[in-house]
Amino acid sequence: MRVRVATTAFGITAVLLAVPACSTDTTGSKHQPSSSRTGKPTEAAQEPAALSSAALESRLLDPRDLGSGYLRKPERPAQHDDVTVIGCPALSELGGDAATGGTLAFPHKAEVEFTYGGSSSEISEELYSDSVNKLSDGVSRIFDAMAGCPAYRVVSGGTPVDVSSQKLPAPTVGGDERWSLLLTFITGGRSTVVKQTAIRDGNLLLVVSGSPALVDRHLDKALAKATATS
């Protein structure tokens, strides 16, 4: 069963979640959420121009960067299902249009998604570029909203998905600001766990999402390639 779930209130990672038949059945209690970020944007005398979407595309990971066993997934067709958030006023206030990547979406973006080893494990990478303050304010609003709700429900295209989140330590790989959450999605009695980590480096935003082990394995190289200047 495939469910498209906009878990953030704009396109930083409308985590496109596949809930496979082999997902773990739901057990145990839900996590208490909290955002995890470090650093604050500073005013620059002259901020560099935002990177174009084409420039961001060239900085994405590819199968050669990841190693054997990874297959790039074809780009998903755009969907515009109605999205309703229940039990999280902070996300609701950002609006359903924002939740599907609308109002607050950054204009310069690129993304890629991979499967691993023929299994249900997936990893996705998204790159965005805008002014430092716009990136910082936008991402902070999203992560703070998600983290401020112990549990909530997202209804997308008539499919209900229960969501809970857990605070994770901010990664120490670099960047100016960092956020990280462990998200659990429950639908049809089955659950999928997704780690979502965002790093702002200047006017560049990197978001890596997917199976926690894969995110941990490839976050360093994703940031290194995204921020390489050569």
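Let's start with a word we'll need: a residue is buried if its relative accessible area is under 20%, exposed if over 50%, and partly exposed in between (1.4 Å probe, protein chains only). You're looking at a predicted model, where local features need pLDDT of at least 70, side-chain atom pairs count only at pLDDT 80 or more, and totals for chains, interfaces and linings use all residues. Residues are numbered from 1 along each chain as its sequence is written, and side-chain values use heavy atoms, with hydrogens and water left out.

**Exercise 1. Find the buried residues of α6, and say what covers them.**

Step 1: Helices (H or I, at least four residues) and strands (E, at least two) are DSSP runs, numbered from the N terminus. The protein has 6 helices and 13 strands.

Step 2: List the residues. In α6, L214, V215, H218, L219, A222, L223 and A226 are buried.

Step 3: Think about spacing. An α-helix has 3.6 residues a turn, so residues three or four places apart point the same way.

Step 4: Look at the cover. Contact means heavy atoms within 4.5 Å. Among the elements covering those buried residues are α2 (63-66), β5 (70-72), β7 (108-116), β8 (122-129), β12 and β13.

**Exercise 2. Check the span of α6 against its number of residues, then find its kink.**

Step 1: The expected span is 1.5 Å times one less than the number of residues.

Step 2: Helix α6 (residues 212-227) has 16 residues, so it should span 22 Å; its end C-alpha atoms are 22 Å apart, which agrees.

Step 3: Now the bend, which at any residue is the angle between axes fitted to the seven residues ending there and the seven starting there. In α6 a kink of about 45° is centred on H218.

**Exercise 3. Classify the ring pairs Y70 with Y116 and F106 with Y128.**

Step 1: Here's the rule. Rings of Phe, Tyr and Trp (its six-membered ring) pair if their centres lie within 6.5 Å; planes under 30 degrees apart count as stacked, over 60 as edge-to-face and the rest as tilted. The structure holds 3 aromatic pairs.

Step 2: Y70 and Y116 are 4.5 Å centre to centre with 35° between the planes, a tilted pair. Y70 belongs to strand β5 and Y116 to strand β7, 46 residues apart.

Step 3: Y70 counts as buried because its relative accessibility is 6%. Y116, at 28%, counts as partly exposed.

Step 4: The centres of F106 and Y128 are 5.9 Å apart and their planes are at 65°, so this pair is edge-to-face. F106 is in the loop between α4 (96-99) and β7, while Y128 is in strand β8, 22 residues apart. Both residues are buried.

**Exercise 4. Describe the largest nonpolar core.**

Step 1: A nonpolar core is a set of buried Ala, Val, Leu, Ile, Met, Phe, Trp, Tyr and Cys residues joined through side-chain atoms within 4.5 Å.

Step 2: The largest has 27 residues, and L91, Y152, A198 and L205 touch the most other members. Its largest share, 7 residues, comes from α5.

Step 3: Zoom in on A198. Not counting residues up to four places away in sequence, its contacts include V139, F143, W179 and L205.
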